[in-house]
Amino acid sequence: MARSDTAPGRGRRPPGGAATLTVLRLGFLALLILLWWLASANVPRGIIPSPAATTMAAAQLWSEGRLQTALGQSLAVYGTGLLAAIAVGIPLGALMGAVRIFGRTVDLFVFALAATPRVAFIPLIILLLGLGIEAKAVIVFLGAVMPIILNTYAGVLARDADLIEMARSTGASPVRIAIHIVLPGALPFLVVGLRLGATIGLINTVVAELYTAVTGLGGLLALYGNTFRMAEYFVIVLALAMIGVIVTEGLRLIEARLSRWQTAERP
Amino acid sequence: MIPAHVLLSGVSRGFGTAKAPTLALSQVSLAVARGEVVVLLGPSGCGKTTLLRLVAGLIRPDAGGVTVDGQPPQPGDGTAMVFQSFRLIPWKTARDNVAFALPRLGRAEARERAEHYLSLVGLSRFAKSWPAQLSGGMRQRLALARALAAEPTLLLMDEPFASLDAQSRELMQIELMRLMAARPATVLFVTHSVDEALILADRIVLMSPRPGRIAEEIAVPFPRPRWNHDTRALPDYALLRRHLWERLRDMVLNDPASDFHGRG
Ligand SMILES: Nc1ncnc2c1ncn2[C@@H]1O[C@H](COP(=O)(O)OP(=O)(O)OP(=O)(O)O)[C@@H](O)[C@H]1O
Ligand SMILES: [Mg+2]
């Protein structure tokens, strides 16, 4: 039987492929560094350090081991808070979507909590948990968990009733339907939630390190910012940016791997 | 008398709100014997899909009773359904779509069974393709393989060949009849096509819309197997075909909700 060539193609590859994209991105990076260098040469009083000075500061911080220590502290806070947010947020959001009456009852309160700036809770958290890693991880958790809950919830609500009916007709149990139909269908929402959660979690890591016991990258940021050591300060900013890029790119790769069915070409 | 495999007695089912209710089925009674092929024929909206969903145990009647093997139907319990729109799982390969419909088998066994039924519908080469990579006709065959793989004793088919081209459609009809001869099952088959109904059915149930009712039941007397001779050449074929066609035409022309109302 002839295959129809008119069925909608679902390819969403960037034109030119991965290699072109890498070259374009590197080119853009070079442009940014050029602008940075121009700024550093023209802004008075050394407020903006030059790329060379920043690189040297980075090497210095690394050889002293300060960067590694701070990075380790920050990643411990960030990782703990984010993993806890995933472990709580996905099941809770899924439960809200699956048990309608539960979801309808609590979603209003989750929305209210999500709209309250989480910084408002910091004094309370410090009173309850002190200034250590527990308090910091909770601040990260509170920021990251909201988008994860809300997006999982939306993804489960958007489930395909026809597919679920098909699954029921095969005698599939509710658990089998959840694992094979509902959760994979919610994946695009889930990834958005995780990406937002990861970003807010990183912001809150810095906030927590500024407001509680001053440690980690956030601590160094405050230290160098307040003492006008701008080259070191820039190193910390760039380190934070790199964590953000690595985490969101990692999520994107996982998503691409899990949604090959959308982008695959006909064999 | 042999107890019926599928029995509907005085079944009514509505949809919608109290203000704007739709009576999809009204007072429908039907008995289907084990191994019988019953084709439901009728214009759009006469409740054919609703009837299949009731028999599958996916919805319950508002009034009356539905039994399969004397029991209220349980989804998946010896019953498989081919849906009007394929309802394939987009993130599963062809093979895993079929294997998914076999929740009672182990993983390896389900995959093996899936591959067997994929080859039966000519999709072996596409076992590892996703539905988005398949043509419309291939998707339909995949949906058919998924239902057959469950090796059901009751097969519910909702316009399963509607999106096939004429040749494929005829080949699939023959293939279905061969499969049913090899592994007998009771079949409830929905179609809009008078010819398809006459080729496949032991009995045709003609339904009329608004509310959905059974208008007429017609035994189809053609000898089986029907694939090794041209059933259409039989003199009764033209007679039955004409009768069914006229009944359907009258239903559509006399239905105030039809787009063709009063054009006779
Ligand atoms: N889930 C539903 N919600 C509301 N109304 C429905 C629903 N399912 C069916 N109906 C209504 O019930 C009637 C019968 O629908 P059904 O799908 O059984 O018809 P059908 O004979 O299968 O039609 P077609 O040939 O177009 O598939 C229609 O008027 C339809 O609008
Ligand atoms: Mg229908």
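User: I'd like to start with H9(A). Which helices are included in what covers its buried residues?

Analyst: Cover is read from contacts (heavy atoms within 4.5 Å). For the buried residues of H9(A), the cover includes helix H2 (51-64), helix H3 (66-98), H8 and H10 of chain A. Before we go on, this is a predicted model: local features need pLDDT of at least 70, side-chain atom pairs count only at pLDDT 80 or more, and totals for chains, interfaces and linings use all residues. Residues are numbered from 1 along each chain as its sequence is written, chains are lettered from A and ligands numbered from 1 in the order in which they are written, and side-chain values use heavy atoms, with hydrogens and water left out.

User: Fine. Which residues of H9(A) are buried?

Analyst: Buried is under 20% relative accessible area, exposed is over 50%, and partly exposed is in between (1.4 Å probe, protein chains only). Helices (H or I, at least four residues) and strands (E, at least two) are DSSP runs, numbered from the N terminus. In H9 of chain A, residues 216-226, the buried ones are A:Gly216, A:Leu217, A:Gly218, A:Gly219, A:Leu220, A:Leu221 and A:Tyr224. Just after H9(A), have a look at A:Phe228, which takes a positive phi of about 55°.

User: On to the metal. What are the protein donors of the magnesium ion?

Analyst: Donors are N, O and S atoms within 2.8 Å of the metal (3.2 Å for Na, K and Ca); water is not among the atoms, so sites may look incomplete. For the magnesium ion, ligand 2, the protein supplies OG1 of B:Thr49 and OE1 of B:Gln84, at 1.9 to 2.4 Å. B:Thr49 sits in helix H1 (48-56) of chain B and B:Gln84 in the loop between strand S5 (79-82) and helix H2 (94-100) of that chain, so the pair ties together parts 35 residues apart in sequence. B:Thr49 is partly exposed at 28%, and B:Gln84 is partly exposed at 39%.

User: Where do B:Asp195 and B:Arg241 lie?

Analyst: Those two form a salt bridge as well, and their closest N and O atoms are 2.9 Å apart. B:Asp195 belongs to helix H6 (194-200) of chain B and B:Arg241 to helix H7 (235-254) of chain B, so the link spans 46 residues in sequence. B:Asp195 counts as buried at 19%, whereas B:Arg241 is partly exposed at 32%.

User: What about B:Arg203 and B:Glu217, which meet in a salt bridge: what is the N to O distance?

Analyst: It's 2.5 Å, N to O. B:Arg203 lies in strand S8 (203-208) of chain B and B:Glu217 in strand S9 (213-219) of chain B, so the pair ties together parts 14 residues apart. B:Arg203 is buried at 14%, but B:Glu217 is partly exposed at 39%.

User: Which residues are linked in a network of salt bridges?

Analyst: Look at A:Asp162, A:Glu165, B:Arg53 and B:Arg87, which are linked that way.

How values were computed:
A salt bridge is a side-chain nitrogen of Lys or Arg within 4 Å of a carboxyl oxygen of Asp or Glu.
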